[in-house]
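Welcome, and please bring the model up in your viewer. We will go from one selection to the next and look around at each stop.

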Amino acid sequence: LKLNTDERPIEKKYREGKMKRTLKRESKVLETARKEKKEGVKKKEGREYKYKYKRMIRAFILVTGDGSKVTVQSSSGGDTEITQLSQKIVDKIDLGIDDMKCYHANGHLFNYEVEDEACYFCVAQESCKRRLCFGFLATIKKEYQQKYRGKANSEAFKAYVRQQLDFFNNNPEADKIRGILNQVDEVKEIALSNIDKLVERGGRIEELAEMSEDLEQRSGEFARASHQLKRHMFFQNIKWSACLVISIIVCVLVVLIILFLLIFVPVMVVKNRAG
């Protein structure tokens, strides 16, 4: 059992202890938020680096049932060995069977989809996600079936394929999961910013609490001083009242004595002489 040996009241000690615990907890939250913010920036930078420099769809090949073959390479081009290997794989694909497959060789991914006697084929670096490759093929397939069927060798179709190659290689919005991760990073940054503002607000609340406690302490001192002054003035009034009453009594006695000396004494002297 601990006794309250301090001059401060127990409620003030409790309030100060509670405030210290709150500030300690908020300081831990601030440190954690700053640490997570730094780690989040590093992870984001790492993902952006990986996204920007390691993802690359190198070439697209379209083979149709009428014997047409279209090859479109990305702006970075491709090496001869990979191009020859891609041609060998395409030549062995059966256009009469709808299929979807992915092969891995020589640090590259060879992805193709066969539908309606047309083979949509692309080769990409192994760091490129398969979902991205098949998303690219699905985009080209949809556009070909709607607008360019029978016009595979047209310049308009080749220009569209080059445009999509550039889009899927350089635009983060091409990968929906990548876009979701970007949105998550943005939300996380907003949340961390709100935590910083909350901690800053906590510091301001601490200052207000200290000011209110100081004001309360000063108001207590003022109340005690005013009470003491009131008592002092009360006793001072009693003192002056007593002095006034005594002075009046003394004055009355002096007047009575003077009257007695001036009136009754001469009368008594005259009577005594007459007797």
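Contact, on this tour, means heavy atoms within 4.5 Å. The model is a predicted one, in which local features need pLDDT of at least 70 and side-chain atom pairs count only at pLDDT 80 or more, while totals for chains, interfaces and linings use all residues. Residues are numbered from 1 along each chain as its sequence is written, and side-chain values use heavy atoms, with hydrogens and water left out.

**Stop one: Y144**

Select Y144, which sits in helix α3 (residues 130-148). Helices (H or I, at least four residues) and strands (E, at least two) are DSSP runs, numbered from the N terminus. Is Y144 buried or exposed? Y144 is buried, with a relative accessible area of 4%; buried means under 20% relative accessible area, exposed over 50% and partly exposed in between (1.4 Å probe, protein chains only). Now show what surrounds the side chain: beyond neighbours within four places in sequence, Y144 is in contact with L62, T64, Y120, R149, G150, A152 and F157. Between the C-alpha atoms of Y144 and F157 you will find 7.7 Å, although 13 residues separate the two along the chain.

**Stop two: the rest of α3**

Just after α3, check G150 for its positive phi of about 80°.

**Stop three: β1**

Next, select β1 (57-64). Here 8 of the 8 residues are buried, so β1 is largely enclosed by the rest of the structure. Strands pair if DSSP finds at least two bridges between them. β1 runs antiparallel to β5, with 7 bridges joining them, and A59 stands opposite V123 in β5. Another 5 bridges join β1 to β2 (residues 69-73), again antiparallel; look for I61 opposite T71. The two strands β1 and β2 form a hairpin with 4 residues between them, and G67 in the turn has a positive phi of about 95°.

**Last stop: α2**

Finish with α2 (residues 80-91). I82, S86, I89 and V90 are buried. Look down the axis of α2: its buried residues fall within an arc of 95° (taken from the directions from the helix axis to the C-beta atoms), so they line one face of the helix. On the other side, T80, E81, K88 and D91 are exposed. What covers the buried residues includes β1, β3, β4 and β5.

Note on methods. Expected span 1.5 Å × (residues − 1).
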